Amino acid sequence: MLDIRFVRKNPEAVREALKKRRAAVDMAEYEALDEQRRALIAEVEELKARRNQASKEVAEAKRRGENAQAVIDSLGGLSERIKALDEQATAIDAKVQDILMAIPNIPHDSVPVGADESANQVVRLWGEPASFSFAPKDHVDLAVSLGGLDAERAAKIAGARFAVLTGWAAALERALAQFMLDVHILEHGYKEVMPPVIVNTKTMTGTGQLPKFAADLFKLAETDYWLIPTAEVPVTNLYADETLPAETLPLDHCAYTPCFRSEAGSYGRDTRGLIRLHQFNKVELVRFVRPEESYERLEELTRQAETILQKLGLPYRVVALCSGDLGFSSAKTYDIEVWLPAQNAYREISSCSNFEDFQARRAGIRFKEKGGKGANLVHTLNGSGLAVGRTMVAVLENCQQADGSVVVPEVLRPYMRGLEVIRPA
RNA sequence: GGAGAGGUAGCGAAGUGGCCGUAACGCGCCCGACUCGAAAUCGGGUUGUCGGUGAUGAGCCGGCACGUGGGUUCAAAUCCCACCCUCUCCGCCA
């Protein structure tokens, strides 16, 4: 959420940002409501000040043992008027908040302006896509023929967009996750957290998933519980309504959790295999940083996520999302896209974003300088490090051999009981 | 699921209708004094948010906030109602 005073004083900057994002918010209505809100507040506050003043006089008179009936009588109806105005103010404030919550973050100056993903900019490439002497199979064919993926039974017990991994595939999923965690914990200094994967509405609102994107989420019936679409939600909100000592920044957490997404509106896309599921596992990196260094930290974060692909030897590219492709809460995002030979394309495997103070304001996450006066909002960042299922897809497709076997990347072998090659059972 | 206790500032905690949200007291933290320096000691300071004014700063003025939401009252941390959360004991349970 943007600062209500910033929006009031910089309406043109907000309109400009909305235009760059191709987002529609009725700013004229918003401004009219905001003005009404302030007028009402001024009116009701004046009445309350009068009431408080009179109450003080009554108290003083009673203390002196005098009769205060005259003052009390003069207040007739004041509280009723205050109550009526208060109700109006509350109603208008709710409307203002609704719109304010629907205004997306302002894209950073370095974000390329464009309508959709075709305007995204490739920032760098790493690795050479291997040239195969045979037609590379896709990950579904590989996983099924190697006996690791059972899509039929997944559909039977849950439905479409679920997967059952068996044997080596289940082990590979665990191996990838643990490998990623070890790198981020041991080499990049992140502290691991294992949070709840069910959260309440307040938490979902803190990071910006609600109120706008309820349709993308799973909600538990008859409760205030939601399944997290990413560990970003519980981990960022760990420090909601807290003031962190400045010396603890940057505060870096990684978390390995399942993620749940309804994938509403993606019918027909990526219906095969492990690319787009209702439930998948992800190692997430979340950082709480000082505002002045958040962009430097975003570069660092992106490189840390890239490290995983480099160690696995998987070719990828880094893309700066354009304004029209940017997520609602993000001021700047780099997507990391891994090479998938069977699709002959780069596909998203990580998304690294700087939310500046957008989430921190919603969630109430501040920091305070030791001995300093007042608290300021932190900047929050997060990035996948990485999506585990999609990493498995990339490993299978990039490391396959002509005979249908798959070579296990060396760094994973210690996590796979030394297994070097995955062969049909 | 049953019974009980409790939610007040960074933490602990006092506070049964007005002089208590400028929130006692203690701890922590910050500034100062003392000291060669430190500890101890002494003095002072230390919530957030919204509105107005200022320059989107500082300051000043005002409103609100004692778990949340209602109610009673001229006036609520305090009285009444509902809900949420935490802790203890019992039951159940991986």
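**Domain interface**

I looked for salt bridges across the interface of domain 1 and domain 2, and the rule finds 0. A salt bridge here is a side-chain nitrogen of Lys or Arg within 4 Å of a carboxyl oxygen of Asp or Glu. I note that the model is predicted: local features need pLDDT of at least 70, side-chain atom pairs count only at pLDDT 80 or more, and totals for chains, interfaces and linings use all residues. Residues are numbered from 1 along each chain as its sequence is written, chains are lettered from A and ligands numbered from 1 in the order in which they are written, and side-chain values use heavy atoms, with hydrogens and water left out.

I then turned to polar contacts and found 5 residue pairs across this interface, both residues at pLDDT 80 or more. The rule asks for N or O atoms within 3.5 Å; within protein, one must be able to donate a hydrogen and the other to accept it, and residues adjacent in sequence count only if both atoms are side-chain atoms. Helices (H or I, at least four residues) and strands (E, at least two) are DSSP runs, numbered from the N terminus. The residues of that side divide into 2 nonpolar, no polar and 2 charged. Nonpolar covers Ala, Val, Leu, Ile, Met, Phe, Trp, Tyr, Cys and Pro; charged covers Asp, Glu, Lys and Arg; the others, Gly among them, are polar.

**Domain layout**

I checked the bounds: chain A has domain 1 at 4–102 and domain 2 at 117–422, from an automatic or database domain assignment. Their centres, taken over C-alpha atoms, are 43 Å apart. The contact (heavy atoms within 4.5 Å) takes 4 residues from domain 1 and 10 residues from domain 2.

I looked up the buried area, the accessible area (1.4 Å probe) that two parts lose on being put together, summed over both. The two domains bury about 610 Å² between them, 51% of it on carbon and sulfur atoms. Arg21, Met101 and Ala102 supply 83% of what domain 1 buries against domain 2, more than any other three residues.

**Salt bridges overall**

I find 25 salt bridges in the structure. One joins Asp34 and Arg38, with the closest N and O atoms 3.7 Å apart. Asp34 and Arg38 are 4 residues apart in helix H3 (residues 27–63), so about one helical turn separates them.

**Backbone**

I noted a cis peptide bond from Leu210 to Pro211, with omega near 5 degrees. Pro211 is in the loop between helix H9 (201–206) and strand S4 (218–219). Gly385 and Leu386 are also joined by a cis peptide bond, omega about 15 degrees. Leu386 lies in strand S14 (residues 379–387).
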